[in-house]
Amino acid sequence: MVDLKDWLNQQREKGGLRTLRPVIHRGKGRLLLAGNDDRELLDFSSNDYLALAEHPTLITAAQEALNRFGTGSGASRLMSGDLALHHALEEAVAQLKGKEAALTFGSGYMANAGIIPALVDRHDLIFSDRLNHASIHDGCRLSGARLVRFRHNDLNHLEELLTEKRGTGTALIVVESIYSMDGDRCPLRELVGLKERFGCLLMVDEAHATGVFGANGGGVIEEDGVSDGVDLAMGTFGKALGSYGAYVAGNREIIEYLINRARSFIFSTALPPAVAAASLAAVQLIRQEPALRQDLHEKITYFKGLLHTGGYGADLGPSQIIPIQVGESSAALNKADLLREQGIFATAVRPPTVPQGTARLRFSITRHHSTADLTKAAKALLKIVD
Ligand SMILES: *Cc1c(COP(=O)(O)O)cnc(C)c1O
């Protein structure tokens, strides 16, 4: 084992040490952090894109479930923790995703760490995008399957690897539809073509797409009209849906199989009733109110427009997640500090979360941001980028 003190000091020196900062107060896209002299910061690091975490409909749904069922679910789904509420949520998710059935998990991390090992083992192959989320990567490693990583969003590279290595066993391709750190989008239609040609299973993580894309908020899968070609449509309730937990949607057989094989589902307590109720309310709300989505997209366009007119030349991507590349970890931390002095909170994303030399400030736009907030942030940002 490494010497802990040495390791921590080294990380601190190279700007790689992760530290926690408690939020004292939060609301309407603003944060009060401990030790920040009572100065409110505009939060550009939240994934609560549609501002649903503070929406009265979700709060009321959670309160009602809390009053009716109490705080905890008391057991796993396969014991006595299985509520009709969980089933209602799963039906709503299946419908949103255009699939026959769905299954909920404690979190997105647990979903990916449970689903992948349930589907493939050491006799099989996984083709995984190099920038896939750590939870996907960990699920792949847990499965024991042979892991083949293709260059980010590079379907030519994937095709080469499939041609060379596909073989005859089970092969799973796994991608995100909107990448969590780069905010770019996977060409799902072309990918479905490839997966059909090579006879693979396709799993798509829509953690950052559900609620934000698609006419009903069903994600890029819905927007690209590819639900039939996606075998496992995974996503979380903790981001645009303003709640907590995760799901996977698929055909009845796959879901029944996962109930029997996904260890992070089987051996873990069911989602608390209030959380399941908030998630259900969110799924219903994003379908009923496309205006929530339109409002968000207008804000995204506005913010990107400000940066471009202000002279920022680099591509800002197709989504609500806007990466501002700065290079080294220390530069990212410095710039994040400078922004914080201007009242803007944006996360410095550093290796190992992203590749070496590509540290960045990650701006995420949410419905909480007013035109004035966006203008203030764009001004502050333009001052510190080259
Ligand atoms: C956030 C995220 C997860 C993990 O979800 P949690 O519910 O936060 O555990 C999984 N995949 C992607 C792409 C994510 O961005």
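The structure is a predicted model.

Begin with the overall division. The protein is split into domain 1, made of residues 19-48 + 290-384, and domain 2, which covers residues 55-288. Between the C-alpha centres of the two domains the distance is 27 Å. Where the domains meet, 18 residues of domain 1 and 24 residues of domain 2 take part in the contact.

The next step is the area hidden at this interface. Together, domain 1 and domain 2 bury about 1500 Å², and 57% of this lies on carbon and sulfur atoms. On the side of domain 1, three residues can be picked out: Asn47, Arg293 and Ile321. These residues provide 33% of the area that domain 1 buries against domain 2, more than any other three residues.

Now consider the pairs of residues that face each other across the interface. How many salt bridges does the rule find between domain 1 and domain 2? It finds one. Arginine 360 forms a salt bridge with aspartate 182, and their closest N and O atoms are 2.5 Å apart. By the cut-off of 4 Å between a side-chain nitrogen of Lys or Arg and a carboxyl oxygen of Asp or Glu, this pair counts as a salt bridge because 2.5 Å falls within that limit.

Which elements of domain 1 give two or more residues to the side that touches domain 2? They are helix 13 (290-309), strand 11 (321-327) and strand 14 (359-364). Helix 13 makes the largest contribution to that side, with five residues. Sorted by type, the residues of domain 1 that touch domain 2 comprise nine nonpolar, five polar and four charged.

The last stop is the ligand. It is surrounded by 13 residues, of which Gly108, Tyr109, Asp205, His208 and Lys239 are the closest. In glycine 108, a backbone N or O atom lies 2.7 Å from an oxygen atom of the ligand. In tyrosine 109, the corresponding distance from a backbone N or O atom to a ligand oxygen atom is 2.9 Å. Lysine 239 uses its side chain instead: a polar side-chain atom lies 2.7 Å from an oxygen atom of the ligand.

Terms used. Residues numbered from 1 in each chain as written. Predicted model: local features only at pLDDT ≥ 70, side-chain atom pairs only at ≥ 80, totals over all residues. Heavy atoms only, no water. Domains from an automatic or database assignment. Contact = heavy atoms within 4.5 Å. Buried area = accessible area lost by both parts, 1.4 Å probe. Helix = DSSP H or I, 4+ residues; strand = E, 2+ residues; numbered from the N terminus. Nonpolar A, V, L, I, M, F, W, Y, C, P; charged D, E, K, R; others polar. Near = heavy atom within 4 Å. Polar contact = N/O pair within 3.5 Å; in protein donor to acceptor, adjacent residues only side chain to side chain.
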